[in-house]
Amino acid sequence: MNTAKNHGRILIIGAGGVATVAAHKCAQVPEVFREIMIASRTLSRCDAIRDDIKGRYGRDIQTARVDADNVPELAALIGSFGPDAVLNLALPYQDLHIMDACLETGVHYIDTANYEPPDEAHFEYSWQWAYQQRFREKGIMALLGSGFDPGVTNVFTSYAGKHLFDEIHYLDILDCNAGTHGHVFATNFNPEINIREVTQAVRHWEAGNWVETPAIIEEGSVHFGFDYPVAGMKESYLLYHEELESLARNVKGLKRARFWMTFSENYLTHLKVLRNVGLTRIDEVDYEGCKIVPIRFLKALLPEPASLGTQYTGKTVIGNIMSGIKDGETITRYIYNVCDHEEAFKETGTQAIAYTTGVPAMIGSMLVLTGVWRGPGVHNIEQFDSDPFMEALGKYGLPWQVIEHAPLPDRV
Ligand code: NDP
């Protein structure tokens, strides 16, 4: 049972774009995060983040090298630093190992992406939900999906359920990146995870069932032009995204939930070619006597997502359009955030995709560390009170607004 008093200590695992932003944001809130350690596979990346934070805020943070897939090694690091919570910003492959280490040491767990086995391009919550009993018995909590999507989009939904609707019936999450990074082809977060996600068959939730449609690069993919605030008209593709799974379970009365993401023709053309020549394969192939996984080789060739910020201009516009009932009337509301790539870079040295993920990762950690969100067990973020999170979003760099909107069509 975790009865230790809060030390204001956070251990961040991973040192990519998202972890960079989260470390910066934690460093900006010393009254909550009194001690910060960033630990990852490559120590030099942690040290670079530490030096940048020292330069910007004059704060000292600690760094360490750790292989998060090695549970005894990670548990030893947790034991020596003694954090109140571990913020997992490594890759989805590490989720279960980090949860195991948290169980062993009795500290809270927070992440932004659900578990995915390395040898199968498939992600779902069942593996992490299976830790429910063990986390309860240990008296610790796991906060799942504290990024933007999942994360903020889940909280937008729970906020709407609490304040704007008596019942939400139709949910459309729309994720638009209207930025330009100057590279011919790059992904905005880890290329391996990103490409595995967007090349999968699509699913959305409708009338109690999962409805499958072709992947975004296949013939018959579902897409339409949506006129985003600030960004304007962008082609938006139906995509499976993990928050649909938990929201379909946690939002009572939901009849349909869909997720849309903007992609340019250029991005889709590159992705099709890479897929067609076999470079997105996740199985091992023999290359001159070496075993290589093509998608990992591709990742090594592509620009580091954390490095994209230097030339990135434009904005992201991510939010939810929800239709449902309020006081007997059918209403539709759109809650969204606009984030600027250049502003994000100025503040943290990374682009807006990492920024929009790292800020909510810090906020979720803050609410866990301060005990505002509490309760042993494994929880998706929409299961907590939305109000303190929504308030913190505005305060820490991701302001949001609610407007009236026309409902989205049933079929596009
Ligand atoms: P990066 O690839 O930039 O960073 C991942 C980091 O994890 C790297 O520093 C890497 O180390 C480290 N790492 C990988 N394996 C291990 C290991 N075994 N032990 C220790 N460290 C390890 O990824 P991003 O920052 O772009 O993404 C981080 C996470 O955020 C991902 O899980 C991603 O899915 C999630 N995400 C969530 C979003 C949301 O809105 N919810 C949006 C965007 C991302 P090394 O430097 O050695 O490679």
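## Contacts along the chain

Among contacts in the protein chain between residues at least 6 apart in sequence, 72% join residues at least 24 apart; two residues are in contact if their C-beta atoms, placed from the backbone, lie within 7 Å. This is a predicted model, where local features need pLDDT of at least 70, side-chain atom pairs count only at pLDDT 80 or more, and totals for chains, interfaces and linings use all residues. Residues are numbered from 1 along each chain as its sequence is written.

## Overall build

You will find 14 helices and 18 strands in the protein chain; helices (H or I, at least four residues) and strands (E, at least two) are DSSP runs, numbered from the N terminus. The C-alpha atoms fill a box of roughly 60 × 55 × 40 Å along the principal axes. Of the 412 residues, 50% count as buried, meaning that 20 or more other C-beta atoms, placed from the backbone, lie within 10 Å of the residue's own.

Domain 1 covers 9-147 + 356-392, and domain 2 covers 152-349 + 399-404, with bounds from an automatic or database domain assignment. Their centres, taken over C-alpha atoms, are 22 Å apart. Domain 1 brings 24 residues to the contact and domain 2 brings 26.

Which helices each supply at least two residues of the side of domain 1 that touches domain 2? They are H1 (17-27), H13 (352-369) and H14 (386-395). H1 gives the largest share of that side, five residues.

Terms used: Buried ≥ 20, exposed ≤ 12 C-beta atoms within 10 Å, placed from the backbone.
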